[in-house]
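Have the viewer ready and follow along.

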Amino acid sequence: MDEAFGFADDLGPLKVIHVHEPSVGLKAVLVVDNVARGPSVGGVRMAEDVSTEECFRLARAMTLKNAAAGLPHGGGKAVLYGDPRMPRERKEVLIRALACSLREVGQYIFAPDMGTDEECMAWVKDEIGRVVGLPRELGGIPLDEIGATGWGLSHVVDAALEYCDFGLEGARLVVQGFGAVGKHAARFLTAQGAVLVGVADSRGSVYNAKGLDLERLLELKEAGKSVSAYTGAHSLARDAAVEMECDIWIPAARPDVVHEDNVARLKTRLVVQGANIPFTAGAERYLHDHGVLCVPDFIANAGGVICAAMEYRGATEGAVMQTIEEKLRLNTRVVLEDAKARRILPRQAALDLAVARVRRAMSTRRWSLF
Ligand code: NAD
């Protein structure tokens, strides 16, 4: 009893379902956290070592992100246990079996996450239909290809600059992580006048105070190389990105990359979080105390889920990009204004905003959670 409800609070989770099908070796867990705003959306993560509690925390993050973004969806998350690099045929069997096992759980809409992709979602569609993140040929909007999250981040940066004493033109930008999120954020921001001075990927980093050539960096990645193969800049260790002097610093790689032990090395004026939980709570508090503005992840990186939710309703790419721009600009202002007025961390303001929206939706229901 205690174990099963150990992480439950008054927002959720509504359901925790463990799935087991020995005939194909399927083991999975689904957490449907809160559906007061609508059926939950959250990715299927394929991994070997994610606990039920971690799955719950990821589901809760989606409840907050979806509510903050004003989407008619709650938060959920599924973990499919296994090595994501397993042969494609084996993966297909597991994904199809998972979809079938959750056929009746209408409160969860499948989406891609680490270890799953558009093709996996196509298998889910074939089995049960209730899915977002599909290939273009099946009516999907390829959010990483069009840069939905990076597009959102660029607007969050622009809106946050109203609370800083510098503008985008000529602002020095560092992007940590040069994948689907980071490279598009760099593309949109440099198109508006920012100067990309540093980038890092998992294999190294490069820095040039005069600016890096984005096209050359993209070509390197396209060719499967690291950004550290870039010539005409200082090639540095991967973690040197934390110390690169700049005006805007965008984490777009992994969780907890900035923590109590390295946050003092950051030399920037604005942080906009592209990755999920890239800073520890202590590191965010440090930035706040030292006058560095930091826009939290679930406000700043919601472009991807907005795209997915709109795909579900058959929206066009143009409408998606416009909505991301509108929603994220507005949310950034609301959160930063509230943080300023109440002298609280932007993350606290963002949490208050999201939780109030969830509670409002819950208050209109006969029961609170289901
Ligand atoms: P990705 O795998 O396409 O790119 C990740 C990049 O980070 C790669 O360039 C990789 O080399 C680099 N990297 C990994 N470890 C690093 C390290 N320690 N230091 C520097 N670089 C490192 O992933 P993505 O889709 O761009 O996602 C990045 C982050 O953003 C993840 O935390 C993800 O959960 C989050 N996120 C993604 C989306 C989306 O739309 N894809 C939406 C919201 C949040």
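Let us begin with R103. Leaving aside neighbours within four places in sequence, R103 is in contact with E127, I128 and R130, where contact means heavy atoms within 4.5 Å. R103 sits in the loop between helix 3 (88–101) and strand 6 (108–109); helices (H or I, at least four residues) and strands (E, at least two) are DSSP runs, numbered from the N terminus. At 37% relative accessibility, R103 counts as partly exposed. On that scale, buried means under 20% relative accessible area, exposed over 50%, and partly exposed in between, with a 1.4 Å probe and protein chains only.

A word on the ground rules. This is a predicted model, in which local features need pLDDT of at least 70 and side-chain atom pairs count only at pLDDT 80 or more, while totals for chains, interfaces and linings use all residues. Residues are numbered from 1 along each chain as its sequence is written, and side-chain values use heavy atoms, with hydrogens and water left out.

Next comes T268, in the loop between strand 11 (248–251) and strand 12 (270–272). T268 is buried, with a relative accessible area of 10%. Not counting residues up to four places away in sequence, T268 touches C246, D247, I248, W249 and V292.

| Side chain | Backbone partner | Distance |

Now to helix 9 (residues 281–289), where A283, E284 and L287 are buried. Seen down the helix axis, these buried residues fall within an arc of 100°, so they line one face of helix 9; the arc is that of the directions from the axis to the C-beta atoms. An α-helix has 3.6 residues a turn, so residues three or four places apart point the same way. The buried residues of helix 9 pack against strand 12, strand 13 (293–295) and helix 13 (346–363). What does the face turned away from the buried side of helix 9 carry? That face carries the exposed residues A281 and D289. Just after helix 9, G291 takes a positive phi of about 75°.
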